[in-house]
Amino acid sequence: MTATTAASDAPPRFEPALMRRRLNGTLFYGACLVAIAILVLALIVLLFDVLTVGLPWLSVDFVTGMPSRRPTQTGILPALIGSIQLAIIVGAITFPIGIGAAVYLAEYASDNRLTRLLQTNISNLAGVPSIIYGIFGLAIFVRLLGLGPVLFSGAATLALVILPLVIIASIEALKAVPQSQREGAYALGASQWQMVRGSVLPAAAPGIMTGIILAMARAIGEAAPLVVIGAATFVTSLPQPFQGGFTVLPIQVFNWAQRPQEDFQGIAAAAIIVILVLIFILNLLALVVRARLSRHIQW
Amino acid sequence: MAVQQIQLTRRRPWSERVIEALLFVAAALGIVTTIGIVVILTVQTLQFFQIVNPIDFLTGTVWSASIQPYQFGVLALVSGTVLVATIAMIIATPLGLLSAILLSEYASNRVRNVVKPVLETIAGIPTIVLGFFAINFLSPEVLQPLFGVGLFSALAGGIVVGILITPLIASISEDAMRAVPRGLREGAYAMGATKFEVVRKVVLPAAVSGVMASIILAMSRAVGETMAVVLAVGTFPQFSFNPLESVQTMTAFIVQIVQGETSQGSVQFLSLFAVAMVLFVITFALNIVSAWFVRRYRTAY
């Protein structure tokens, strides 16, 4: 008698206060959604601010014009060309070195202390603040090699900034290639390099190229190392890689955004829009390249 | 006869070895960079220490590089950096972790298709744009009316840096949570746990190494962040932990010196390297700790 009442009266042990526990879950899920909502809101407000301040200043003359001391007449052509040249040179430097380093670490290196040192070093370099690379670039490219504060010095410095990211992304892409690809190539009598060149690299190409293009996008928005190596803020001629001062879009934004006058805030925002468009184009390019390169890949 | 032509122990041709050597050089370039950075910073910092006592530098709380009497107490810049990074972490840690949990544990494809692109877009925005946002909108339109701060404040810098590093926390933490085996979750469900309890008592503890790694890495990013901060916090180095005041971070000081007309042999210019050295050591230490946590969660399952 007592036993049965105990069994029927006592609440089931496995679901005490299930309502409250489920409510906690719902509240937590709500908190997650609120966090996302805050991020979405921040992004929308940011883009809205840039567009409303910058769009009235954006015109063909602004994009294709030469700079002027007066914000109403200024153009950004030298900075735009500078940014594009910079991205191309950064890509050209990063492409062979980044892929080479990744191929060595993923395909050639045996697991010994030297290899682990190289790997640890690359992941540490990925965490070094970009402004420190600027100091390195100033000492090595600008002074020691005597190149001066030219576009190439800036590009070489930025290449060093993004190389660790490119190498890490490329290693991931190479590791994702199935082992059977390698064994297939060896079975056909390929040497190690023929195997890498003909079998693994094509298979990893979509991932590697995406990594490089996205890293170039990162380089286009980067300003801190360039400020350190001495990028100019007012350049009235189109940049040449090894000669004369150069400027890029983020440097212009930095220079103008520091001035409180409304006109300068306007052209800063307009230049930001141009940067964002460039980055957007590079992201699209990454998608297209990825799609084209992965057409023939199936495993 | 034909069999003899296939030599199984053939030596690798020289071209193969040259290629391997070239690839090795590419991989070793990073070592050269690291050594270069350390040597440059060390040599110049030692030169700076011939003029300024290192003890005064490391323990002083007044930084005045441009106005006499010159004082180089780096704690004034370190405190500014720590203040901005702390505000950033207070914002980014909950936002990043909640997004990671949502993506890893809750998200339907529809939610995922919104959240992922938002995080990737924020991660792709140049940091100078966030600096512009801070002085063009956040400070004058939001923080001034609410807190009565000036145009430059540690708070404005901390908020934009917080937005900036949230995607980093979110993506690494999400990876760590996804690496938690399904079986652990299912075991908890079988015991009658609700979804929230599974997340809180099973997934989070199991992924704690990865989560810690993401938080420390984000802290390192926040400490080294330059362009977003330099516009937002101002150029007023002071030993203060009041978020509503204008401060100067280590990175912002470096930018101020290289932008100005400081002559290259001067003590001000040399102080740049000493500050960069402090910055390098702090971020390096944070990266090492973060890497240690990553190794732990990679080997856990």
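This is a predicted model: local features need pLDDT of at least 70, side-chain atom pairs count only at pLDDT 80 or more; totals for chains, interfaces and linings use all residues.
**Entry 1: overall build of chain A**

I began with the secondary structure of chain A and found 12 helices and 0 strands, so that its pattern along the sequence reads α-α-α-α-α-α-α-α-α-α-α-α. I then looked up the radius of gyration, which is 27 Å for chain A, well over the 19 Å that the globule rule gives for 299 residues, and I therefore noted the chain as more spread out than a compact globule. The C-alpha trace of chain A spans about 100 × 65 × 40 Å along its principal axes. Buried residues account for 46% of the 299 residues in the chain, and, of the contacts in chain A with a separation of 6 or more, 75% join residues 24 or more positions apart.

**Entry 2: the two domains of chain A**

Chain A is divided into domain 1, covering 17–57, and domain 2, covering 60–293. I looked up the distance between their C-alpha centres, and it is 32 Å. Their contact takes 6 residues from domain 1 of chain A and 8 residues from domain 2 of chain A. On the domain 1 side of this contact I find 5 nonpolar residues, 1 polar residue and no charged residues.

**Entry 3: helix α2 of chain A**

I checked the length of helix α2 (residues 18–54) of chain A: its 37 residues should span 54 Å at 1.5 Å a residue, and the end C-alpha atoms are 54 Å apart, which agrees. Next I asked which residues of α2(A) are buried. The list is F28(A), C32(A), A35(A), I36(A), L39(A), A42(A), L46(A), V50(A), V53(A) and G54(A). For the spacing in such a list I keep in mind that an α-helix has 3.6 residues a turn, so residues three or four places apart point the same way. What do the buried residues of α2(A) pack against? Within chain A, the partner is α12 (262–293), while in chain B the partners are α4 (75–106), α5 (109–124), α6 (127–147), α7 (154–178) and α9 (195–206).

**Entry 4: where chain B meets chain A**

I then turned to the contact between the chains, in which 63 residues of chain B touch 67 residues of chain A. Helix α2 (residues 14–51) of chain B gives the most to the chain B side, with 17 residues. By class, the residues on that side of chain B divide into 40 nonpolar, 19 polar and 4 charged.

**Entry 5: the largest nonpolar core**

The largest nonpolar core has 212 residues, and those touching the most other members are I272(A), F132(B), V160(B), V275(B) and A276(B). Helix α4(B) gives the most to this core, with 19 residues. Because domain 1 (17–57) and domain 2 (60–293) of chain A both give residues to the core, I noted that it lies between them.

**Entry 6: T94(A)**

Is T94(A) buried or exposed? T94(A) is buried, because 25 other C-beta atoms lie within 10 Å and the cut-off for a buried residue is 20 or more. Leaving aside residues up to four places away in sequence, T94(A) touches A159(A), I162(A), L163(A), V166(A), I212(A) and A215(A). For T94(A) and A215(A), which are 121 residues apart along the chain, I find a C-alpha separation of 9.2 Å.

Technical notes: Residues are numbered from 1 along each chain as its sequence is written. Chains are lettered from A and ligands numbered from 1 in the order in which they are written. Two residues are in contact if their C-beta atoms, placed from the backbone, lie within 7 Å. Helices (H or I, at least four residues) and strands (E, at least two) are DSSP runs, numbered from the N terminus. Ala, Val, Leu, Ile, Met, Phe, Trp, Tyr, Cys and Pro count as nonpolar, Asp, Glu, Lys and Arg as charged, and the others, Gly among them, as polar. Domain bounds come from an automatic or database domain assignment. The radius of gyration is taken over C-alpha atoms; the globule rule is 2.2 Å times the number of residues to the power 0.38. A residue is buried if 20 or more other C-beta atoms lie within 10 Å of its own, exposed if 12 or fewer, and partly exposed in between; C-beta atoms are placed from the backbone. The expected span of a helix is 1.5 Å times one less than its number of residues. A nonpolar core is a set of buried Ala, Val, Leu, Ile, Met, Phe, Trp, Tyr and Cys residues joined through C-beta atoms within 7 Å.
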